[in-house]
There are 6 protein chains.
Amino acid sequence: MAHKIIRNIKRVDPEIVRTLGELGVATVHEAQGRTGLMKSYMRPIYPTARAAGTALTVSSQPGDNLMIHAAMDVCQAGDILVVTTTSDSTDGMFGDLLGVSCQAHGVVGLIIDAGVRDTSELTAMDFPVWAKAVHAQGTVKSTGGSVNVAVVCAGAAVNPGDVIVADADGVVVVPRDQAAAVARAGAERVAKEEKTRERLRNRELGLDFYGLREKLKQLGVVYQDSE
Amino acid sequence: MAHKIIRNIKRVDPEIVRTLGELGVATVHEAQGRTGLMKSYMRPIYPTARAAGTALTVSSQPGDNLMIHAAMDVCQAGDILVVTTTSDSTDGMFGDLLGVSCQAHGVVGLIIDAGVRDTSELTAMDFPVWAKAVHAQGTVKSTGGSVNVAVVCAGAAVNPGDVIVADADGVVVVPRDQAAAVARAGAERVAKEEKTRERLRNRELGLDFYGLREKLKQLGVVYQDSE
Amino acid sequence: MAHKIIRNIKRVDPEIVRTLGELGVATVHEAQGRTGLMKSYMRPIYPTARAAGTALTVSSQPGDNLMIHAAMDVCQAGDILVVTTTSDSTDGMFGDLLGVSCQAHGVVGLIIDAGVRDTSELTAMDFPVWAKAVHAQGTVKSTGGSVNVAVVCAGAAVNPGDVIVADADGVVVVPRDQAAAVARAGAERVAKEEKTRERLRNRELGLDFYGLREKLKQLGVVYQDSE
Amino acid sequence: MAHKIIRNIKRVDPEIVRTLGELGVATVHEAQGRTGLMKSYMRPIYPTARAAGTALTVSSQPGDNLMIHAAMDVCQAGDILVVTTTSDSTDGMFGDLLGVSCQAHGVVGLIIDAGVRDTSELTAMDFPVWAKAVHAQGTVKSTGGSVNVAVVCAGAAVNPGDVIVADADGVVVVPRDQAAAVARAGAERVAKEEKTRERLRNRELGLDFYGLREKLKQLGVVYQDSE
Amino acid sequence: MAHKIIRNIKRVDPEIVRTLGELGVATVHEAQGRTGLMKSYMRPIYPTARAAGTALTVSSQPGDNLMIHAAMDVCQAGDILVVTTTSDSTDGMFGDLLGVSCQAHGVVGLIIDAGVRDTSELTAMDFPVWAKAVHAQGTVKSTGGSVNVAVVCAGAAVNPGDVIVADADGVVVVPRDQAAAVARAGAERVAKEEKTRERLRNRELGLDFYGLREKLKQLGVVYQDSE
Amino acid sequence: MAHKIIRNIKRVDPEIVRTLGELGVATVHEAQGRTGLMKSYMRPIYPTARAAGTALTVSSQPGDNLMIHAAMDVCQAGDILVVTTTSDSTDGMFGDLLGVSCQAHGVVGLIIDAGVRDTSELTAMDFPVWAKAVHAQGTVKSTGGSVNVAVVCAGAAVNPGDVIVADADGVVVVPRDQAAAVARAGAERVAKEEKTRERLRNRELGLDFYGLREKLKQLGVVYQDSE
């Protein structure tokens, strides 16, 4: 239960991370059996924010960003920072200086179950952030925590090295050992959806090609001509 | 209390719907005596979203979008989908495929007291959505519900065929039988407000031309020169 | 405890207000010892909103905007309206007409611990607003309140004439008698941060130049090579 | 859209109200097809609170209890007050004086989508209240509203004269014309549940006597001996 | 802006504090013109909790209870602890050990805009607490703060030495220099309410003896015989 | 990613579970380094509720209690049910019938990150429940899920067989392999706290015997005689 910083973690192959990022949050979430989503309060600081990377996890005391600085010591290009606090907080633990540091080391974004500040500067730098709150509230550097340990972030379990995919729809976690399979399943899903899209565009009904009319009947839903 | 799908409903005349849409939410709400507003948590997925249509109502089990598919079977061009769940949910019950289907049938937007996903795609398609949450969480198609029945959506009572007006300020419901009167009252209000705007621009005070100085006096509010 | 309108208040020198506005919320908050921030639920109605002014405070009954009209009677160019209600409310107490009136008198923005409406129009006019909610809900003009008295707005104490700085990160209050000192401290902070930014850009670590490695050791945080 | 007070409404037969009250909220809700529940934020002010009555509805301006006083003018013994505000509020619109008045006229309880105060006194009087908040915040008597009109209370549509059943589990509305049928269906449900309770007490499994093992298989849920 | 501990503060006369405590929260709040209430989320940990005392204020870093210990150094019998954090937190900053310490020094209760723990023990000791949350989450003792400075607690401004009255209805603050006047006004209010209670018990209507029938007419509220 | 029911899991020794239960939530949480707490919204349905058991975990579709019935098939005496949903829900997934079934099989309580109903009956049976909401809302039995898999419940990671301790302060999880060590550390903590309690009772200050005066000095906190 002591605080620790793990220097080396296994990371998913960058090619797979790239594929998962292209698939986007909704597709990845479906492709892995509707699991791994963070809560819907995690919102991007600008609407076009989009990122995928390997999780560099941080567990901090609320109101204290010491361990984010510690995380920069063991990060790698392609990582995405995943910051949690040991209890609920909306303090602005991360600002544009840490954003500069992240970009200097190739860290591709921030997922923080707390607050963020300097959002205009971070937006101008195109450093994507998903956070619970935008808040200028400053933090101290006084209390120990851990880097690259298992955490729960916004309701989702995250292990270091897992893939994180984030876009306008939110944030999803792909466990390291499922990443390749999910990437394949997602690609298949996209192909299938393209055909569905075409049929819907031609005014076919989901009710028909998903075979739902029978379902409605079984469930006892009745059609009635008027009120 | 059985689940049902009503095929035919009475709808407000499209010309009146168009007028109400042009008036916008705040004006319509005032014109009908400050009634009919949905709760303020209903937010558009993009800032320029704006829509007006006749309500095609859906009552669903939370986490289940079967009845949205059923609604597409009885929709008409000019309708706006109004989706409610039988208990609180933020699941992403609607995505870009359903958006494509809506646009193919002339449905002009979505009001959903739950979640929505594929928001980038829906924004790119200019399909306007007002929702309680943006969430990628997928849903099943297993449980019956109803289409074109009376519902409560985000605190407002909605009957099928009522007019829904939605813009950056939120969502308002106009009961079917009041639509024509509200459209007239709203137009008068706009004309009057234009004059007020002009006077305010010329630095006149609302205190003076609304006659509020006397009111302040009656209420015992006193002026004091300094602290 | 009677309701009152104070006509004349002391205001901070406009040059200091301008400086504080340029520093921005996060810097000002840090420069005054991490105090004075409003709660994070206060959000701008458009992302580029930015304002600084002297507080013209209003205490209103919820759902009643009579006292906002009263405030226009004693405002001065360079003021920023700070509106609070005597209990929680999200009603849209302020719309584009009041925005026109504010701009006609040189009031530079609105901070409201309640709702705002006509947000498209206010955005088009570039009248910046920070609010708890966007809501079209209309209000009455029936109950007394006060103007230019001490208020609590979104968790922060505000006295009339204090400086308010607001941007994408939120809203901060600078007490009147600290404004000059905070402006100076903020400017120094900005200079220092520019140097830090440069070092971080060159891949130096905060851990090193803030001297945090020793801190980690004292706190018993251990480095571990792998999981 | 004018404000009005309806003097006479149709009410459900007291015997049916009594039966529904004995069945309790959960049973009544199930007996009418899982409809009519208010949101879960409606909580009793003391754990043993329990009431059933015919709805005497009030629509008020937030922060204004004028119309509650007006409602006392048209109430009847056996009514239950149902108070809503035109926008969100937690003000304490009802206190022990109104509680005394209610008891003097035979009103059996209060359902209020806002705040209540004097909760110790109301508890001592055994006057049951379900509210969104306990708050001492006082209110004015300045703005018109309506009595005995259709309202939405805590997410549920209520018409005057409907039956309201409330207990530790929350509040449910039974539409006037369904009350007799729901009372019958509820009584049957109770009898059936007593048998189920006996079987469960004897360690039978719901999985078996609800026939859910087959369901699990169809859904592809697999049993596995160990992790 | 440095952190400080003020040893000596002016306190309201104990007799006045006692009177205000007997009046209770709702009466005191009304007697001082409906001001001074904390937000409704401040709830007692047991229903019979009731306290009145002079405010011993604490401003802490979230998740850090160092300054509560510091406050015990300057407390006096009859004080009530008022604890705030510099940003939102629900951590359990106070438990039964601090409760023992408070009782040893005559501190009569705790008002904390954060969390509390050991609530069973505190209840058994009859040490009354009003808090935002019950949470076992432990805290550190690492960061400076202040004692006996002006704070904002749950939306209300509190100065050291102000009177705090708390009961089942919430928490109200009486400014030091108004305490005597409020106590007098409250006593008058109680006498008057007793008469009102008697009239209501005799089935008189508030509508009549508050003269509200005329008001309803002026507001255009109409009586209607039936739906 | 398929749904599964694990029949056999490793469980912590009952004697250790009993010890942890006696220590209570706050002590256990501290004894394991301030980890493992669920969010503060998890509240007991009655104030004296207290339980400790080995986690029998359930992952369900929101609004669907099929998998709770499935869990009863693999439970053991001494287990505590831990129910999560795949997305946010407050539906009353558990009522007195399931409570009877639990007691028949020796299941000692319920931790549910959703709603519960029949709370009067469950209280009368002394079946302790910690829940996010009390809500009568009924559920279906239509969708697959899993039993005895790793879940996140109210922000805490829970593995099947972990120890759950719950009381008036909330709910804490002790990982299976740390249970014995935490029980020992907790017992030591209790002994030490008893001594501290005695010193505090004798009016000693935490400031002195925790050595915090030096800390305050280092942090630059200054004592000042008066305002």
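**Chain C and its neighbours**

A: Let's start with one pair: A:D73 and C:R213 join their side chains in a salt bridge, 2.8 Å from N to O (that is, a side-chain nitrogen of Lys or Arg within 4 Å of a carboxyl oxygen of Asp or Glu). Bear in mind that this is a predicted model, where local features need pLDDT of at least 70, side-chain atom pairs count only at pLDDT 80 or more, and totals for chains, interfaces and linings use all residues. As for bookkeeping, residues are numbered from 1 along each chain as its sequence is written, chains are lettered from A and ligands numbered from 1 in the order written, and side-chain values use heavy atoms, leaving out hydrogens and water.

Between chain C and chain A there are 5 salt bridges, plus 15 residue pairs in polar contact, both at pLDDT 80 or more (N or O atoms within 3.5 Å; within protein, one must be able to donate a hydrogen and the other to accept it, and residues adjacent in sequence count only if both atoms are side-chain atoms).

How much do the two chains bury between them? Chain C and chain A bury about 3,300 Å², 57% of it on carbon and sulfur atoms (the accessible area, with a 1.4 Å probe, lost on putting two parts together, summed over both). C:D169, C:Y223 and C:E227 supply 18% of chain C's part, more than any other three residues. The contact draws on 37 residues from chain C and 41 from chain A (heavy atoms within 4.5 Å).

Strands meet here too: β1 of chain A, residues 4–8, pairs with β12(C) in the parallel sense over 4 bridges (pairing takes at least two DSSP bridges). There, A:K4 has C:V222 as its bridge partner.

Now turn to chain D. Here 12 residues of chain C are in contact with 13 of chain D, and the two chains bury about 840 Å², 38% of it on carbon and sulfur atoms. C:Q61, C:S87 and C:V140 supply 34% of chain C's part, more than any other three residues. Across this interface there are 0 salt bridges, but 4 residue pairs are in polar contact, both at pLDDT 80 or more.

How values were computed:
Helices (H or I, at least four residues) and strands (E, at least two) are DSSP runs, numbered from the N terminus.
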